[in-house]
Amino acid sequence: MASSCVQQLCRRSTSHLRSKTSCVTLLYSTHVQNHVAGVRTADKTNAGGDLIIHGNNSIFHASQTRQQVGVCYYSGYNASPLLPTEHRDTKELMSTDALSQIKDAQHLTETNARLDTDEAVYPSASEEITDKDASHTMVLSTLPSESSSLRDYVDESETLSKLVQLGVKLWKLEQRPNVGTMLLKLDFQTDVVPRLLFLKEMGVEDSGLAYILSDNPFILKEDLENLHARVNYLKSQKFSPETVASMVTRAPYLLNFSVKRLDNRLAFYQQQLGLNSSKTRGIVARLPRLLCGSLEPVKETLRVCKIELGFKENEIQHMVMLVPKLLTSNKRKLTQIFDYLHNTMKVQHHLIVKFPQVFNSRLLRIKERHLFLDYLGTAQYDSDQPNYISLDRLASLPDEAFCTEVASATLEDFIMFQKTM
Amino acid sequence: MAIRAIRKFRWVEGLFCVYKPPGVHWKLVRDRIETCILEGVNGTPSLPPGVRLLGPGRGPTELTLSASSLAAHPLVRGPEFRRIKVGVGHRLDASSSGVLVIGVGRGNKPLNDLYQMCCTRDYTLEGEFGFATDNFSRTGRIVERSTYDHVTRDKLEKVLAMLQQANQKALLIHSNVDMRSQEAYEMAVTGELGPQGKSPPILTGLRVTGFQPPFFTLELQCLNETQRYLRKVVHEIGLELRSTASCTAVRRTRDGPFTVDQALTRGQWTAAQVALTIQHYNNSKRQSRPLPAPAAL
């Protein structure tokens, strides 16, 4: 029985390969056919017959629980050379293992088919099959072998559905190259759960988990020992556990960097800014992405502040302690805002140092508001004079509050003034 | 029940105008408006019900499952609108400011028609006597300096009258109508005489609104212009007056039927405000339309 089954299986598969129409659909036929076009030749050259039988029975079980099937087949194109070994690594059900063996065997039969085209057998599609064979035929799976969206796999894949329930934005992740494939290949129990538990141990909130995974799905591929080592390093640098949790939540890529790199960065900031370790810790805790990005723009910004804008060392320290975001701001924006403040609005250095948040706002906003105050005659930025207006109120207040408190005018007047600029 | 995104989108479809601030490229304005409208039209996705993640030490983690299919969930499907068709009417270069007509979604078709239609635009130019630059504005390299004490308001008005005469001639030439025909007379009476389609820039109206030497302000109406051409006009006015002038500001106050009073400033670029403006415009259009004549009895 088995051998006849095998023969029929082989015949049908070869016929399917030649004539694309076949009313006898096998579970793996369409998928594997697409596979075969992209995959390298498998190494297996021993008896395909045993494998097929083995696979046949387990495929039958697999078709009844269709959960794991789509998982492996999606990964067909993107990482196809790795596919056979990947299957061996993940602890999937036996069926999926067997499915890959079926694929190899199928590939074998295809190569065999290519060799002996002269002796091909062409059974017709309207040939009657026995009841026994009919009971063994598989229902075609509705899962596509490749897709540009994770929507088609989310119901079937345990990993994806649990991620959605956590609140991870799958629609954003699937737009990034290779992330969708990676997520599908993960096994929930062995890959995702240990890392989620690790993050929870650290003190990350549930909402934070969704944010971290939406931004940095690659944390699920990091080695657990490495993650532990990095957190221990941060704790050894006297960051409190709550601080470490908040840093990881706000800079999701933090734990992807090696201990050496984190060490380098902390040392750089301490040395460049000339601050003691607790103050450096404070700055890094408030803006953890300082440890993630490149250091060249920061060096450039510090150079601009010192040389072009003429701030002294202690002034730069004071500004960075108040507003760490200065270190990562665009140097063109810094120079433009400073130029307008210093040369047009005639604001002294010491007042700019006192309110560095003015560098966070847009130049246009500062310009419009200054010109409005100038038009009203109340543009006074010298702290010694009466009716002094501080820079942070000029730049940071929302429009309504600015109009009523600072300019003593209505919002409509401000809008009308903006249209005369 | 939350309002569906597609309904919200229908409310913001149409034509409206914004005030482009100086120093900003028009494309950035268009992108910003698209982002603001998308924010307003898409809702925020909610978490599926029953999510709990127990910590270690309590056995395996527990995550309750929801019964419905997750493929339709907003976190999987994404926002309903990812991009919106936002079109821009006659463009303004980076240093000019003023009325910029924007069309959203189905409003892009009338925008196209408006663009093809030859309607005039109103500008306010601010000029300064005393120096001439290579790009006719203050940001260029100074090419020539001169005195301007001899310049008076009537000399300026004489030069403007001369310019208007030249432009009027150009208007008649480019209108492609025989001046001696009845058709030309009728068109001139109704005010439709003018170039239909492409033509060199033509100023249909020009006058001085402010004169405090060295600064002066002009107001003009024009067709088929570019902002660089308008700056060149200021430069040429300076040359005609035996002095030099350059343009410090170009401001568009009207583009076809859209005036600066209706324009939205940067603080008002939200979907709600845009919907309100379009609704207001539709209402006013409905009111100005004449009522249908009653059927003859």
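Q: Is Glu219(B) buried, partly exposed or exposed, and what do those words mean?

A: Buried means under 20% relative accessible area, exposed over 50%, and partly exposed in between, with a 1.4 Å probe and protein chains only. Glu219(B) has 26%, so it counts as partly exposed. This is a predicted model, where local features need pLDDT of at least 70 and side-chain atom pairs count only at pLDDT 80 or more, while totals for chains, interfaces and linings use all residues. Residues are numbered from 1 along each chain as its sequence is written, chains are lettered from A and ligands numbered from 1 in the order written, and side-chain values use heavy atoms, leaving out hydrogens and water.

Q: Which residue forms a salt bridge with Glu219(B)?

A: A salt bridge is a side-chain nitrogen of Lys or Arg within 4 Å of a carboxyl oxygen of Asp or Glu. Here the partner of Glu219(B) is Arg207(B), with the closest N and O atoms 3.6 Å apart. Helices (H or I, at least four residues) and strands (E, at least two) are DSSP runs, numbered from the N terminus. Glu219(B) sits in strand 8 and Arg207(B) in strand 7 of chain B, so the pair ties together parts twelve residues apart in sequence. Arg207(B), at 47%, is partly exposed too.

Q: How many salt bridges are there over all chains?

A: The whole structure has 22. Among them, Glu222(A) and Arg230(A) meet at 2.9 Å, N to O, and both of these residues are buried.
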